[in-house]
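Biologist: I am new to this model. Please show it, and then I will ask about its parts.

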Amino acid sequence: MADTRSATFALVITGAPYSSQAPQTALGFAKAAIAAGHRIDRVFLYGDGVHLASALCAPPSDEPHWPQEWAGFLEQHGISAIACIASALRRGLVNEAEQKRYQLPSANLLRPFDIAGLGDWVEGRMTSTRTLYFHAGG
């Protein structure tokens, strides 16, 4: 049985910001976990969750900017955040490498998010004591 006094979490977010509660709930959990002395090993975005890593998101000024909220939190705590490459490409999210590879006019991946495959996800599951999924619901 894992030691619950200091857990290491891997978070999976599959719900998109502004159409699901998943990113907001996951960020609230991540902040509370760190405040309680736990560690977030990495965040993995899958399916519509990859929209959280878009640099082109522009919500109204009176609404939270979830991609920027997450980016600031990740940078502040040095947490790795990966967008599934297959989900990202299907939804029009690319970094500079994929932009060149597919000869697209621009890249739109928000830093510090990165694009990678399921191997990174598997590695994260192996190094974390807990894995939590934040789905879109429905």
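Biologist: Which residue in β4 is the bridge partner of isoleucine 82?

Modeller: This is a predicted model: local features need pLDDT of at least 70, side-chain atom pairs count only at pLDDT 80 or more, and totals for chains, interfaces and linings use all residues. Residues are numbered from 1 along each chain as its sequence is written, and side-chain values use heavy atoms, leaving out hydrogens and water. Strands are DSSP E runs of at least two residues and helices are H or I runs of at least four, numbered from the N terminus; strands pair if DSSP finds at least two bridges between them. Three bridges join β3 to β4, which run parallel, and the partner of isoleucine 82 is aspartate 114.

Biologist: How many of the five residues of β3 are buried?

Modeller: Buried means under 20% relative accessible area (1.4 Å probe, protein chains only), with exposed over 50% and partly exposed in between. β3 is largely enclosed by the rest of the structure, because the number of its five residues that are buried is four.

Biologist: How far apart are the end C-alpha atoms of α1?

Modeller: The expected span of a helix is 1.5 Å times one less than its number of residues. Helix α1 has 14 residues, so it should span 20 Å. The separation of its end C-alpha atoms agrees, at 20 Å.
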